[in-house]
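Dear colleague,

I am handing over the structure below, and my notes on it follow. Please read them with the model open beside you.

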Amino acid sequence: MTDVAVPIHQDSRRLDAIDRKILTVLQEDASLSVAEIGDRVGLSSTPCWKRIQRLEADGVILRRVALVDQNKIGLGISVFVSVESADHSDAWLRKFADAVSAMPEVMEFYRMAGDVDYMLRVVVADMQSYDIFYKKLISAVPLKNVTSRFAMEKIKSVTALPVPAA
């Protein structure tokens, strides 16, 4: 395997093999000390810390967070909500995006290609909570169709991106 550098974006430096190892380690456990991360990627603390700071400054590392088990805090229902709109104007989208982005139940929100316009991943405590959310959603802006799909079982869920080797 070669250590080929890949551009992050036009105005930024390139990711090398050590940067990629750092990203893999941090995605696995961001609570590790810089010394522990350095040991795992073959660097001493200072150069490792400088690389982490650079990855943060470049926007490659967006933030470091704690992952919480949704079931253990009473959010046992995951719902995938497909939304179709008859209006595709910029003004409608801004209003819809602002309304949905302000709803704490919405974990992910995507504009889609294909047979639906938007897809949301929503977490709620129970069916009554989803009904309250649903009513809030459909009153935010005019919608053509809303379809809710309830997850029966979570089979795979990861947060770590598969960092490409090259």
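**The largest pocket**

The largest pocket has a volume of about 1,700 Å³, where a pocket is, on a 1 Å grid over the protein atoms alone, an open set of points where a 1.4 Å probe fits, with protein on both sides within 12 Å along at least five of seven lines, and lining residues have an atom within 4 Å of a point. The volume is the space filled by probe spheres set on the points, which are joined across faces, edges and corners. This is a predicted model, in which local features need pLDDT of at least 70 and side-chain atom pairs count only at pLDDT 80 or more, while totals for chains, interfaces and linings use all residues. Residues are numbered from 1 along each chain as its sequence is written, and side-chain values use heavy atoms, with hydrogens and water left out.

The pocket is lined by 43 residues, of which Val65, Leu67, Val158, Thr159 and Ala160 lie nearest its centre. Helix α1 gives the most to this lining, with five residues (helices are DSSP runs of H or I, at least four residues, and strands are runs of E, at least two, numbered from the N terminus).

**Asp19**

Asp19 lies in helix α1, residues 17-28, and is buried at a relative accessible area of 0% (buried means under 20%, exposed over 50%, partly exposed in between, with a 1.4 Å probe and protein chains only).

**Aromatic residues**

Trp92, Phe96, Phe109 and Tyr118 form one aromatic cluster. Within this group, Tyr118 counts as buried at 4% relative accessibility, whereas Phe109 is partly exposed at 26%.

Best wishes

Methods: Phe/Tyr/Trp six-rings, centres within 6.5 Å; stacked < 30°, edge-to-face > 60°.
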